[in-house]
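Visitor: I would like to learn how to read a protein structure, one feature at a time. Could you take me through it slowly?

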Amino acid sequence: MDFYTQLFLYVSILYISLYLLFLVFRKKSSVPNLPPGKKGWPIIGESPAFVGAAKSGCPEKFINDRTAKYSPDVFRTSLLGEDMAVFCGAAGNKFLFSGQNKYITTWWPTSMKKVAIFPETMEKFNKDDPKKMRSFLPEFLKPEALQCYIPIMDSMTREHMESDWSPYKEVKVFPLTKNYTFALACRLFMNIKDPKVVSKFADPFARIAPGFTSVPINVPGTPFNKAVEGGKVIRQELLNIIRQRKQEISEGKDANARDLLTRLLTEADDDGSVYYEMDTSNKIIGLLIASHDTTSTSITVIVNYLASLPHIYEKVYKEQMEIAKSKAPGELLNWDDIQKMKYSWNVACESMRLTPPAQGSFREAITDFTFAGYTIPKGWKTFWTVYTTHKNPKYFPNPEQFDPSRFEGNGPAPFTYVPFGGGPRMCPGKEYARLEILIFMHNLVTKFKLQKVDQDEKIIYNPSPVPSNGLLIRLQPLN
């Protein structure tokens, strides 16, 4: 081989080597800087660890372990079979709450949709439906409308106390509050007063929530299967009620009804199809899930702290008795009474800070975007969670201490206390929940002193906090 041939060969090899190196580095440079973390096992990802931490009574462990290991701003995981970016801290909360329809959009896990939504409407269940519902709800939940519900809430709470609490020396709080909040939601959302009709919903509804974050394997006996079967029963019962209500509306019956179902059927565009009825059912189920599970859990948590902390109970009792003494015998609570319950609401807020009724919420990235120096690719799911701020000493000094004074004055810093979301994504039902909680607290503490029977009863999360034995409370009636 002559000199020029060897030279050409060496130059060619060098050129090809450099070109290959260029391609490799270009490929590496085009890979986005994803958040640190790991996906866990194939398909199931880190879902077992996420659920396991919740059921052990310490759901924040899953979050805290990963923020310490990877990043305090955002980390990567895989939950519910999806690539997931978990946003952390007040900055993460603010970004997601403010980024709706700009960077992210509403997303429901497949397991939730299969449980709650008619299969026939799955394709039509698009991302605009929650937006449409949010635009309709403020009219139903605005203060002027809510004022009309206070007497109904108060009278139903009195009846509940009289029938389900007063006859007993001890009660299990959690199942009672679930029945109470569900009956109230049925009354206000659908004008259902018959206890038999309510029970038709309540029994299968109790099977739904545990299936939301379970592995979506539809095998008899699994939590997901029980949730799917419960969802079928509820959807059919709702269809029957919707068709009956449509008939009543066409006949001019109960023309002054203020419940949400009647307004949905009279003010929305009814095309007369079964799909419209199914869509209405989907909306009502979503509202029942949002209002019933979280509120019953919140009330149970509050009762737990009132029974465990006598000095807190006494201050709430004093405030509520001042209101009770200002009322005539049999007179129901009104809007002005609610506004006087400032300390009681601070106690409720501190209870929900320490034991939040919901862990957080999912979204879906609709475009590539950057947060804290990391790229979140389009199609990834995002998750914000209360556990990156509620017990963070950076935002709440001595975070494990029960201190209602945290909520005096301007209260916590923005986007640190988020049981109802925050900013533009604040839960539209927050004021409804406030009324329901305060009216319950008023009727409870003015009738009973409370003693927790099992001081060491464990709280598990499934996915909401649930006392392992239902929260057994000893009642001491007050004169």
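Visitor: Where is the place of isoleucine 44?

Guide: Before the answer, a word on the source: this is a predicted model, in which local features need pLDDT of at least 70 and side-chain atom pairs count only at pLDDT 80 or more, while totals for chains, interfaces and linings use all residues. Residues are numbered from 1 along each chain as its sequence is written, and side-chain values use heavy atoms, with hydrogens and water left out. Helices (H or I, at least four residues) and strands (E, at least two) are DSSP runs, numbered from the N terminus. Isoleucine 44 has its place in the loop between α1 (3-30) and α2 (47-55).

Visitor: Is isoleucine 44 buried, partly exposed or exposed, and why?

Guide: Buried means under 20% relative accessible area, exposed means over 50%, and partly exposed is in between, with a 1.4 Å probe and protein chains only. Isoleucine 44 is partly exposed because its relative accessible area is 35%.

Visitor: Which residues make a nonpolar surface patch of about 400 Å²?

Guide: Patches are made of residues with over 30% relative accessible area and no salt bridge, where like charges are joined within 9 Å and nonpolar side chains (Val, Leu, Ile, Met, Phe, Trp, Tyr) within 5 Å. The accessible areas come from the Shrake-Rupley method with a 1.4 Å probe, and for residues only the protein chains shown count as cover. Here the patch is made by Trp41, Ile43 and Ile44.

Visitor: How many salt bridges does the count come to?

Guide: A salt bridge is a side-chain nitrogen of Lys or Arg within 4 Å of a carboxyl oxygen of Asp or Glu, and by this rule the count is 21. One example joins arginine 66 to glutamate 46, with the closest N and O atoms 3.0 Å apart. This pair links distant parts of the chain, since arginine 66 is in helix α3 (residues 60-69) and glutamate 46 is in the loop between α1 and α2, 20 residues apart. Arginine 66 is buried because its relative accessible area is 13%, and glutamate 46 counts as buried because its relative accessibility is 6%.

Visitor: Which salt bridge partner does lysine 232 meet?

Guide: The side chain of lysine 232 meets that of glutamate 229, at 3.4 Å from N to O. Both residues lie in helix α11 (residues 223-250), three residues apart, which is about one turn of the helix. Salt bridges can also be linked in a network, as with Lys39, Arg76 and Asp83.

Visitor: How many aromatic pairs does a search of the whole structure find?

Guide: A pair of aromatic rings is described by the distance of the centres and the angle of the planes. Rings of Phe, Tyr and Trp (its six-membered ring) pair if their centres lie within 6.5 Å; planes under 30 degrees apart count as stacked, over 60 as edge-to-face and the rest as tilted. The search finds 21 aromatic pairs. Among them, phenylalanine 95 and tyrosine 103 are stacked, at 5.1 Å centre to centre and 15° between the planes. Ring pairs also link Phe50, Phe62, Trp107, Phe362 and Phe383 into a cluster.

Visitor: Which ring does the charged end of arginine 66 sit over?

Guide: A charge sits over a ring if NZ of Lys or CZ of Arg is within 6 Å of the ring centre and within 35 degrees of the ring normal. The charged end of arginine 66 sits over the ring of phenylalanine 62, 3.8 Å from its centre.

Visitor: Which side chain does a polar contact of 3.0 Å join to that of asparagine 443?

Guide: A polar contact is a pair of N or O atoms within 3.5 Å; within protein, one must be able to donate a hydrogen and the other to accept it, and residues adjacent in sequence count only if both atoms are side-chain atoms. The partner is the side chain of aspartate 154. Asparagine 443 is found in helix α17 (residues 430-445), and counts as buried because its relative accessibility is 2%. A polar atom of the asparagine 443 side chain also lies 2.9 Å from the backbone oxygen of isoleucine 439.

Visitor: What is phi of asparagine 191 near?

Guide: Most residues other than glycine have a negative phi, and most peptide bonds are trans. Phi of asparagine 191 is near 60°, a positive value in a residue other than glycine. Asparagine 191 lies in the loop between α8 (173-190) and α9 (195-205).
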